[in-house]
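Please keep the sequence and the model in view while reading.

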Amino acid sequence: MITFENVYKIYEGSQTPAVENLNLHIDKGEICVLVGASGCGKTTTMRMINKLINHTSGAIYVDGRDIEKVDPIELRLGIGYVIQEVGLFPHYTIEKNIATVPNERKWDKARVASRVSEMMEIMDLDPSEYAKKKPSMLSGGQRQRVGVARALAADPPIMLMDEPFGSLDPITRSKLQNELLRIQTQLKKTIVFVTHDIDEAVKMGDKIAVMQHGRIVQFSTPREILARPCNEFVENLVGQNRILKRFSLVGCRSVKTSSAVFRLDSQRQQIIEKIQNFSQQDAYPILGVLDEGDKPVGYIPMFKYEKNDPTSIEDRIVKRVHTISEESTLFEVVDLLFSAGERCVFRMDASGRSTGIITIADLFEAVRRDDQ
């Protein structure tokens with residue numbers, strides 16, 4: 001979808017290339033994150049795609065076309081662009097801001113109105129409440145949502161996002177990251193995303209291009225970069241807690257749970273047999289307990305009891321239940337386990353049924369298998 005071939009950018013009066021001999025191919029429908037320290041050339045690289053900055057030499061192709069042979073206005077109308085400062089027109093209403101590119105493309109009024117309403121709904125901005133407001137009446141996170149909606153309004157195949165969430169507080173930033181990833185599963189845009197934050201790059205990217213001094217030093221998947229950084233610079237960039245970062249790349253659905261889970265009524269005998277056969281040497285001495293609808297009741301920490309302890313099953317159950325969706329990541333499991341101070345969390349499917357319990361030991365085993 002987007003290809004750089006031997007691209008250089010040398011600014012007038014400078015002897016040092018801002019971008020040097022850059023070769024990069026970004027596939028259709030993927031999020032490619034450009035990450036690196038300030039001045040590494042990542043924003044220059046992105047802005048050359050829509051000719052906000054002209055490259056000095058080499059060639060850049062967008063959807064198979066050499067951008068040097070494409071009118072800049074035509075090129076930009078087919079590329080959504082989101083920046084950190086949002087760049088909304090302060091004197092326009094929210095609906096008029098979102099309608100900017102569709103109006104430039106001469107869409108009819110009904111189509112524009114329908115698309116604006118659709119984009120506001122997607123971005124969780126109720127049209128009846130926000131359409132007539134001005135940007136100054138919105139929070140920073142809401143303005144950023146409008147900026148994304150405006151970039152998507154004309155349904156461009158390509159999106160350029162220059163530190164789009166960098167100025168937001170951590171909670172709002174995380175929400176908008178998740179929102180963009182949710183939208184991406186539906187729309188499958190080709191997105192070039194610039195950030196200096198490696199955690200954001202790992203979360204958002206299908207591929208990551210690590211840049212240093214105008215060059216790409218490693219271009220690979222987040223999993224590969226975390227597991228096998230190519231040099232000391234990349235290793236320092238990803239940081240010492242690479243294992244924790246990798247937790248964000250593994251989904252709960254893939255975890256092979258090691259602890260047994262039984263229904264309290266229909267599988268009562270199996271619970272009894274498991275307790276009677278329990279050995280202090282068992283690696284994962286926890287039993288998950290469900291009701292007949294496979295909803296969590298609690299868990300039994302078997303190591304607390306002797307084999308012949310007369311305590312009833314019901315009295316053994318710790319009835320503190322914490323659940324996590326199968327669609328969540330292991331990082332979210334870690335956060336939940338430590339914040340709740342629990343030994344396990346129940347994994348739940350879309351119908352609200354438990355598909356097992358995940359322990360800390362399961363997390364590390366899942367990452368170990370993922371590395372193989």
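R242 has a relative accessible area of 23%, so it counts as partly exposed, and its place is in helix 12. This description, like those that follow, refers to a predicted model.

Apart from its neighbours within four places in sequence, R242 is in contact with L226, A227, P229 and E235. The C-alpha atom of R242 is separated by 10.0 Å from that of R223, a residue 19 residues apart from R242 along the chain.

## Aromatic pairs

Across the whole structure, a search finds three aromatic pairs. One of them is formed by F247 and F364, whose ring centres are 5.6 Å apart and whose planes stand at 75°, so the pair is classed as edge-to-face, the cut-off for that class being over 60 degrees. F247 belongs to helix 12 (residues 242–247) and F364 to helix 16 (residues 360–370), so the pair ties together parts that are 117 residues apart in sequence.

F247 counts as buried, at 2% relative accessibility, whereas F364, with a relative accessible area of 47%, is partly exposed.

## Charges over rings

Two placements of a charged end over an aromatic ring can be described here. The charged end of K9 sits over the ring of Y11, at 5.0 Å from the ring centre, and the charged end of R150 sits over the ring of F89, at 5.6 Å from the ring centre.

## A buried lysine

K51 lies in the loop that runs between helix 1 (42–49) and strand 4 (57–62). K51 is buried and yet has no salt bridge: the nearest side chain of opposite charge, that of E68, is 4.1 Å away, while a salt bridge requires the nitrogen and the carboxyl oxygen to be within 4 Å.

## Cysteines

How many disulfides does the count give? The count comes to zero, the criterion being a pair of cysteine sulfur atoms within 2.5 Å. For C40, the closest cysteine sulfur is that of C32, and the 12 Å between them is too far for a bond; C40 is buried, with a relative accessible area of 4%.

C344 is likewise in no disulfide, and the nearest cysteine sulfur, in C252, is 13 Å away. At 3% relative accessibility, C344 counts as buried.

Definitions and conventions: Residues numbered from 1 in each chain as written. Predicted model: local features only at pLDDT ≥ 70, side-chain atom pairs only at ≥ 80, totals over all residues. Heavy atoms only, no water. Helix = DSSP H or I, 4+ residues; strand = E, 2+ residues; numbered from the N terminus. Buried < 20%, exposed > 50% of the residue type's maximum accessible area, 1.4 Å probe, protein only. Lys, Arg positive; Asp, Glu negative; His and termini not counted. Phe/Tyr/Trp six-rings, centres within 6.5 Å; stacked < 30°, edge-to-face > 60°. Lys NZ or Arg CZ within 6 Å of the ring centre and 35° of its normal. Contact = heavy atoms within 4.5 Å.
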